[in-house]
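Here is a short briefing to read beside the structure.

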Amino acid sequence: MKTVYVDNNATTRVDEQVIADMLPCFTEFYGNPSSMHHKGAESGHVLKLARQRVAKILNAEADEILFTSCGTESNNSAIRAALKANPYKKHIVTTMVEHPAVKSLCESLDKEGYRTTYLPVDSKGRLNMAAFEASLTPDTAIVSIMWANNETGTVFPIRDIARRVKEKGILFHTDAVQAVGKIPVDARDIPFDMLSLSGHKLHAPKGVGALYIRSGFKFAPYLIGGHQEHGKRGGTENIASIVALGKACEIAMNHIDEENVRVKKLRDRLETELLARIPKSFVNGDLDNRLPNTSSISFEFIEGEAILLMMNEFGICASSGSACTSGSLEPSHVLRAMGVPFTAAHGTIRFSLCRYNTEDDVDFIIEKLPGVIKRLRDMSPFWKED
Ligand code: PLP
C-alpha cells in the first residue's frame, strides 16, 4: 500500500545520510570516549564533531551543548537545574499550551511545593503578552515557554519574550523541539539561557536530544553519575545517536531556506484545497506566525479518530487533536486553551510535512479526504448542511 506520511511533528523518517554516518559508530567508533586508549580517542573525536554541528545550527559554542536522551529529558533537566540554581524562589512561569514534557513536569512540581503560572493564549494560539508581563515576580525562578507549538505550529515571539525575561534577571528556557531544523534559531541573537531540541523531529533517530546551556550558567546535573558531558550528565554517551543528531542538524541547516519555501508551498496548497472542498472546516493557529510544515484543520461535527482511521485505509498517516484520556475522548489541551468549540476540536487533524513530501502526496490527500469527511458526516446525527 502507498504511504503518505504527514505526521512529522510526531516523528520523522531517519535520513539515509544520517544512517550512513551512524553505522561506523557500531563497528569502528565503539570505544568509550572516556577511555585513555586510541579507540576511546576515536569516539571522542566523532563526539566532538557532532557537538560542533549541533552548536552550529543554534549559532552557539560547542561547549554550550549537552547531549541528552530526548526532548523530554532536556526540558526536565533545564527546569530542575533552574530551580536548583534558585533554591529560595518557588515560582515558575509557563503557558497553557506546552507539550506534556513541560506541562506535566510543572504540574508535578506544583505538588512538590512550587507554584506555576500557566499563561493563557487567544483564539489563534497567541500568547497573552499582558498576562506574561504581569506574571514575572521577584519569586520567579524560571520562565519556560515553547518556541513553536507542536499541534498548531504557532510560533511565539521568543526574541521579545526572552529579552523581557532577561531584563528582570530571570532564567529563561525554551522548548524548541519543533522549531530547530524548521526555522532559524540563533543563540547569539536571542538571550535564552537554555533551549531543548530532539533528534527524532529532524530526521535523526528517536532517543537522542540536546540541551543548549548558555556558558556561565551553573547547571546542576539531572542524571547524577560519572563525569561525562563535562560533569553535566552521568551515563556513557550514546555515540551513534549523537553522531546522527549532529549530521541531521548539519543537513537541516544546509537546506533550511529552500525547504522552508518548498514545504510551506505544499502545506499552503493542501490547506487551500481542503478548505475549498470541505464545508465547515477551518485552520487553527496564528496564520501569520506558523511553522512552515504544520497545518491543524478542524472539520466540524465529526470525530478526529474516525477521520484518522479512514485516512489510514488509504495509507495517509496524520494525527488528531484529541488525546484519549481515561476512556473518554478529550480534545487536546492546546485547542481547549484556544477556545476552539467542542464540536470542532473533536474533528481536528494535524498535518505535518517534511522534506520527503511531494506534490503527489498533497494531491492524494486532496483527492481522498473530502470523501472521507462526507462519509463520516452522512453518518453523524449532528451534521446538517445549511
Ligand atoms: N516538546 C515538544 C514541543 C514536542 O513536540 C515533543 C515531542 O512531541 C517533545 C517536547 C518531547 O520530545 P521527545 O519525544 O524527544 O521526548
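The model is predicted.

**Ligand shell**

- K201 places a polar side-chain atom 2.5 Å from an oxygen atom of the ligand.
- For S198, the distance from a polar side-chain atom to a ligand oxygen is 2.6 Å.
- For H200, that kind of distance is 2.9 Å.
- The protein covers 88% of the 390 Å² of accessible area that the ligand has on its own.

**Aromatic cluster**
- Ring pairs link W147, F192 and Y212 into a cluster.
- The W147 and F192 rings have centres 6.1 Å apart and planes at 65 degrees, so this pair is edge-to-face.
- W147 sits in the loop between β5 and α7, and F192 in the loop between β6 and β7, 45 residues apart.
- F192 also pairs edge-to-face with Y212, at 5.2 Å between centres and 85 degrees between planes.
- Y212 lies in strand β8, 20 residues from F192.
- W147 is buried at 5% relative accessible area; F192 is buried at 0%, and Y212 is buried at 0%.

**Charges over a ring**
- R13 lies over the face of Y356, 4.0 Å from the ring centre.
- R355 lies over the face of Y356 at 5.8 Å from the ring centre.

Terms used
Residues numbered from 1 in each chain as written. Predicted model: local features only at pLDDT ≥ 70, side-chain atom pairs only at ≥ 80, totals over all residues. Heavy atoms only, no water. Polar contact = N/O pair within 3.5 Å; in protein donor to acceptor, adjacent residues only side chain to side chain. Areas by Shrake-Rupley, 256 points an atom, 1.4 Å probe, with all protein chains shown as cover. Phe/Tyr/Trp six-rings, centres within 6.5 Å; stacked < 30°, edge-to-face > 60°. Helix = DSSP H or I, 4+ residues; strand = E, 2+ residues; numbered from the N terminus. Buried < 20%, exposed > 50% of the residue type's maximum accessible area, 1.4 Å probe, protein only. Lys NZ or Arg CZ within 6 Å of the ring centre and 35° of its normal.
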